[in-house]
Amino acid sequence: QISVDGTVYQFPMWAADFEALGWTYDGDASQTLSSNQYTTTETWDKGEFSVYTQLANLSMNTVGITEAMVAGITFEEYQLEGCDWDIILPKGIQYGVSNTEDVIAAYGDPTDEYDGELYYKMTYEKDFYQEIHIYVSKETNVINKIEIQNIVELEGADNSVDSTVPDVVKNYKAPTSLGDDLYGFDIELEGNLYTLPCPVSELLANGFTINEDNSEAAFGAQGSGWLELVYNNQKFHTIVRNYADYATTAENCFLIDIESSCFEPDYNLVIPCGIKRGDSEESVLEILKDYNYEVEQSEGSDFTYYNVFDPEGSRLQGYSIVTKEGEVVIIEAETNTKPE
């Protein structure tokens, strides 16, 4: 909490309630926030003065930016020059009046501190994303900046789940052949062709099932979550992605990686160029000579990792081909590029 010009603010609060206290949003009001997304420096004006706020959406669905929570606020000198508001924290700690000794007397030793050339900063932390930063100017020896952050869910958030099939799922087309492009993501899994990312519904149609006891029930807008797929008694616990602007069920999400292993899951997986488990390391190296890859091998390990990725793309998207004693024993493919 903080009192501003006689009004007590409780964070987080809905942006509509913040606006009702006389603040005007100075930004692009057409922006949206996906599930579990937040911003850090959104400007609001009141008269000739301004503050920065953190806007957060902890609901399962996408919301307009001015429908989100105001989960943090910053009062600082250069935005409040000439302002005569009384800005007061609990126990009477006041912006522009209180000093370091006052703050420590009120709240005890800070969780963290920073002693800089221009200011002394005290941080009081309750939990992750729940903290207050108080800055004391070295020049004036009084508080010249206060930052409050409290990103916790408010009652009334829209956590409804919509099972409507998103267009991005409807538009998915399975490939007609595996091909030989290791920078593409066409795969053959248990005899069926897919392009990663692949709708979970496609795998379900081809005999995979969901272990609901070890999977999340719903997935937030533009978010991700855990899912366990089962085929032929082999389980694959992985993260799937929801590309829709609303919370939905697992079948409307996308599988972004798949693995076949000498441990588990023991799936029949073939990647471009026909690479599969059981192939010789020599034959794989003959294929990889035309591609970009890195080799990893831990000291004392029998496993050699060949990590293939497009040099013009992300190293986090590609293939991991693992060999042991001259034979491919693990293959993993992963990409999180949003489908058309």
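By buried I mean under 20% relative accessible area, by exposed over 50%, and by partly exposed anything in between, with a 1.4 Å probe and protein chains only. Please keep in mind that this is a predicted model, in which local features need pLDDT of at least 70 and side-chain atom pairs count only at pLDDT 80 or more, while totals for chains, interfaces and linings use all residues. Residues are numbered from 1 along each chain as its sequence is written, and side-chain values use heavy atoms, with hydrogens and water left out.

Let me start with the salt bridges, where a side-chain nitrogen of Lys or Arg lies within 4 Å of a carboxyl oxygen of Asp or Glu. Searching the whole structure gives 7 of them. In one, K138 and D115 meet through their side chains at 2.7 Å, N to O, and this pair links distant parts of the chain, since K138 sits in the loop between β14 and β15 while D115 belongs to strand β12 (residues 112-115), 23 residues apart. Strands here are DSSP runs of E with at least two residues, helices are runs of H or I with at least four, and both are numbered from the N terminus. D115 is exposed, at a relative accessible area of 55%, whereas K138 is partly exposed, at 43%.

E294 and R315 form another bridge, at 2.5 Å, N to O; E294 lies in strand β26 (residues 293-296) and R315 in the loop between β27 (303-309) and β28 (318-324), so the pair ties together parts that are 21 residues apart in sequence. R315 counts as exposed at 57% relative accessibility, and E294 is partly exposed at 29%.

By contrast in setting, K145 and E147, which meet at 3.6 Å, N to O, are both buried, and together with E76 they are linked in a network of salt bridges.

Turning to the interior, a nonpolar core is a set of buried Ala, Val, Leu, Ile, Met, Phe, Trp, Tyr and Cys residues joined through side-chain atoms within 4.5 Å. The largest has 37 residues, of which I2 and F18 touch the most other members. Among the elements giving two or more residues to this core are β1 (2-4), α1 (15-20) and β8 (49-57). A second, separate core of 34 residues includes L182, Y194, F236 and L288.

Finally, if contact means heavy atoms within 4.5 Å, then F18, leaving aside neighbours within four places in sequence, is in contact with Y9, M13, W23, W44, V51, T53, V70 and I73.
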